[in-house]
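Work through the following exercises with the sequence and the coordinates open side by side.

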Amino acid sequence: MAWALLILNTLGSTGAKTVVPLPRSVSQLVTMGSLMTAFVIALVLNKHLRIRPSAYLLLLTLLLFSSILASADLQEGAGALFRCFRLTVFVSTLWLLTRWWDGGFSFVRYHIRTYAVVLASVAIGLVISPGNAMPDIYGGRLSGAIWPLTPPQIGQYAAVISGLTLLLWFGRRTTWRSALIIVVPVMALLMLTHTRTATLGLIAGLAVAFLSMLLTSARARKVFAWTVGVGGVTGVVLAGALQTWFLRGQSADNFSSLTGRAKVWDALLEAPRSTAEYIFGVGLTDKSYDGLPIDNSWLAIYHEQGFVGIGLVAAFLLTLIVVAVLRPPSLARACAIFLITYTVSASYTEAGLGDASPYLLHLAVAASLLVRGVPQSDEQAFIPAKGAGVRGAGA
């Protein structure tokens, strides 16, 4: 429940028009209330404050302190301090939940189940109100008609849970029927969002995850070979359709500027800044510059938390990567590598690595998988426990 509420908090409160009009103040109250409730639940369950050491969360906590320091002068208004308060509660809740980080798949299942419910609401909205679910404001791309979700959000959730589910099926932690029940409809939603970042992140994450297992798993080599072969043939046969889907009807100029993102990035980098702003940033904002979304994690961090923030975010990403590389091959390591790869690839066109967001939750799941738990051999990593098919992805 605590993990589901953390995910609810990161859903945001902006998007297309919903079937039942939902004032932004109400959705903000729900998301913030869910965060406070998650913290209370985690505190009650861990009333003795037993936490597990985590380099990822330690560096994230240092980023929090840096954000508070940058926001203290109220250059971005009182909203900056409110965002710091939210990040404080968010990070504190993660620390409390580290007591249950044991290298197992519990948080992977929580992740899949919660986002499956979110995507089910998107599918329901598409059925009962296609006009609201695929509005002209997003060029006919799928958005949330029950809860205000944007196409990139839906694409991200669909890519992450479909990738994790496929890896669980590969590792025999769930049945192929359970995997199909989740992956097929979720991939359909991903295609309807026309989200290039999520699609490429899914492909890159799965490719790196399977590559990490090639030397120790014949099953991984077989699946990888079949995927490359079938994917290559499909790419050739459906090249025209794939190109049309990828371009989304955009002009060459719009596509080359990454749907206008490059113009915002250039303006942000060219703006004059003081020495303090270069080092610590201007404080937490709504991830926009001059009224336009930044849509790049690294530039958003540069703007809000300066070079100190960039260094800390790079440090916790590098820490997770190094730990994943040093761990022996296993399904848990493969899932962690998938989440890390997806997050890094999406950071180029999506913001969120410097503030409470789904990306920090993806990395928290990866960190929980990389904790040294009960030692297991490479063979044990791919052999299901008795009844594992029933307790798998939770379809």
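**Exercise 1.** Determine which residues Trp3 touches, leaving aside those up to four places away in sequence.

*Solution.* Taking contact as heavy atoms within 4.5 Å, one finds that Trp3 touches Leu94, Leu97, Phe107, Tyr110, His111, Leu361, Ala364 and Val365. The model is a predicted one, in which local features need pLDDT of at least 70 and side-chain atom pairs count only at pLDDT 80 or more, while totals for chains, interfaces and linings use all residues. Residues are numbered from 1 along each chain as its sequence is written, and side-chain values use heavy atoms, with hydrogens and water left out.

**Exercise 2.** Describe how helix H3 and helix H15 pack.

*Solution.* Begin with the geometry: H3 (residues 55–71) and H15 (residues 297–326) pack at an angle of about 175 degrees, with their axes 9 Å apart. H3 is therefore roughly antiparallel to H15, a term that applies to angles over 145 degrees. Turning to the residues that meet, H3 contributes, among them, Tyr56, Leu59 and Leu63, and H15 contributes residues including Val308, Leu312 and Phe316. By class, this contact has 13 nonpolar, five polar and one charged residues.

**Exercise 3.** Is Tyr56 buried or exposed, and which residues does Tyr56 touch?

*Solution.* Tyr56 is found in helix H3 and has 2% relative accessibility, so Tyr56 counts as buried, the limit being under 20% relative accessible area with a 1.4 Å probe and protein chains only. Beyond four places in sequence, Tyr56 touches Phe316, Leu320, Leu360, Leu363, Ala364 and Ala367.

Note on methods
Axes are lines fitted to C-alpha atoms, for helices over the stretch in contact, and angles run from 0 to 180 degrees between N-to-C directions. Helices (H or I, at least four residues) and strands (E, at least two) are DSSP runs, numbered from the N terminus. Angles under 35 degrees count as roughly parallel, over 145 as roughly antiparallel, 65 to 115 as roughly perpendicular and the rest as oblique. Ala, Val, Leu, Ile, Met, Phe, Trp, Tyr, Cys and Pro count as nonpolar, Asp, Glu, Lys and Arg as charged, and the others, Gly among them, as polar. Buried means under 20% relative accessible area, exposed over 50%, partly exposed in between (1.4 Å probe, protein chains only).
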